[in-house]
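This report concerns a single protein chain, whose sequence and coordinates are displayed below. Please keep both at hand while reading.

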Amino acid sequence: MSQQPKVLVCGPSSWNQLVELDHLPEPRPQQLVANSAWRTVGGTSAGKALHLSSLDVATELFTQIGDDESGRALRRALLGAGINLQVVPSASTEQHVNLMAGGQRVSVYLATPSTPADAAVEAVCAAVREADLAVIDLSELGLRVIERLRGPAVPLWVDLHDFDGFTSFHQPFLGAASVVFMNDDATSDPWELLAGCLRRGPGLGICTLGEQGAVAMDRQGRRWEVAAPKVEVVDTNGAGDAFMAGFLAARLRGASVQASMEAAASSAAAALSSRHLHPKLAQLPA
């Protein structure tokens, strides 16, 4: 790997409206008054690219964006934040309304990307082959890229999010991964979840545990742990993406797994203390 490795990130970006409430609504007719509301960048791949770039990692983001009002706003924000953006055409731009209260979130999808064209998928695959490392996120685009690569051309890092160990959609991502991340939302035993994932291919797995920090395990059974960052939580959106970016940036610079876990926790703190995926988005013109 070169001294200044090039990282490719492939997957979702979105233009979202975030609505902060005192409590999440119960499923009944009612009227709620928002404490605040704002529009900002969303999407797991956008979050990773923002944090990797802020950590001085050469990063290229391949993401689906439509030629619509939301897409134009999303492009302006990502480019304004200094992202090396490669747009994969889509009939529409992904959009969510996120209802948030007390650290919990309900996401309502208003629009999703269209199926990527074969030529676009091949263009991403060609770029993956030229990168030193690729982060492939859960999405139809990411799945088609993994299927077309037919084996890792470069090390692939994958974020499985709330994987339960069994869901079929996640399996191709897991099988292609060199390093795999997830959270504990769908498991009561993160160590067993990690062990099960490592039996299917990756050499290292990391599971975030929210307020309990994070744990890691490698194929040899070695274990690591890190505490959650001590920070006043403004918004939990994107904390897991920031954690993965911080870990990856540290590993690229030769840090140990434990030191990378600590760097990841510091990176997550930046996301937790901002109402945007990364604080730099708050500095852009409205």
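**Overall architecture**

The coordinates come from a predicted model. The protein chain contains eight helices and 13 strands. Its C-alpha trace spans about 55 × 40 × 35 Å along the principal axes. The radius of gyration is 18 Å, which agrees with the value near 19 Å that a compact globule of 286 residues would have. Of these 286 residues, 53% count as buried. Among contacts with a separation of 6 or more, 62% are made by residues 24 or more positions apart.

**Surface and charge**

The charged side chains comprise 22 positive and 30 negative ones. The centres of the two sets lie 5 Å apart.

Helix α1 covers residues 44-54. Because 10 of its 11 residues are buried, α1 is largely enclosed by the rest of the structure. The buried residues include Lys 48 and His 51, as well as Ala 46, Leu 50 and Leu 52. In general, an α-helix has 3.6 residues a turn, so residues three or four places apart point the same way.

Just after α1 comes Asp 56, with a positive phi of about 65°. Asp 56 belongs to the loop that connects α1 to β4 (58-66). With a relative accessible area of 67%, Asp 56 is exposed, since the cut-off for that class is over 50%.

Strand β4 includes Ala 58. At 42% relative accessibility, Ala 58 counts as partly exposed. Beyond its neighbours within four places in sequence, Ala 58 is in contact with Pro 5, Lys 6 and Val 7. Trp 157 stands 99 residues from Ala 58 along the chain, and the C-alpha atoms of the two are separated by 16 Å.

His 161 is partly exposed, with a relative accessible area of 24%.

**Asp 218 in strand β12**

Which side chain is joined to that of Asp 218 by a polar contact of 2.6 Å? The partner is Arg 222. Asp 218 itself lies in strand β12, which runs over residues 214-218. Its relative accessibility is 6%, so Asp 218 counts as buried, the cut-off being under 20%. Leaving aside neighbours within four places in sequence, the residues in contact with Asp 218 are Leu 198, Gly 203, Leu 204 and Trp 224.

**Accessibility of the selected residues**

The table lists the relative accessible area and class of each residue discussed individually.

| Residue | Relative accessible area | Class |
|---|---|---|
| Asp 56 | 67% | exposed |
| Ala 58 | 42% | partly exposed |
| His 161 | 24% | partly exposed |
| Asp 218 | 6% | buried |

Two of these entries concern aspartates: Asp 56 is exposed, whereas Asp 218 is buried. Asp 56 sits in a loop, while Asp 218 lies in a strand.

Key:
Residues are numbered from 1 along each chain as its sequence is written. This is a predicted model: local features need pLDDT of at least 70, side-chain atom pairs count only at pLDDT 80 or more; totals for chains, interfaces and linings use all residues. Side-chain values use heavy atoms; hydrogens and water are left out. Helices (H or I, at least four residues) and strands (E, at least two) are DSSP runs, numbered from the N terminus. The radius of gyration is taken over C-alpha atoms; the globule rule is 2.2 Å times the number of residues to the power 0.38. Buried means under 20% relative accessible area, exposed over 50%, partly exposed in between (1.4 Å probe, protein chains only). Contact means heavy atoms within 4.5 Å. Lys and Arg count as positive and Asp and Glu as negative; His and the chain ends are not counted. The place of a charge is taken as NZ of Lys, CZ of Arg, CG of Asp or CD of Glu. A polar contact is a pair of N or O atoms within 3.5 Å; within protein, one must be able to donate a hydrogen and the other to accept it, and residues adjacent in sequence count only if both atoms are side-chain atoms.
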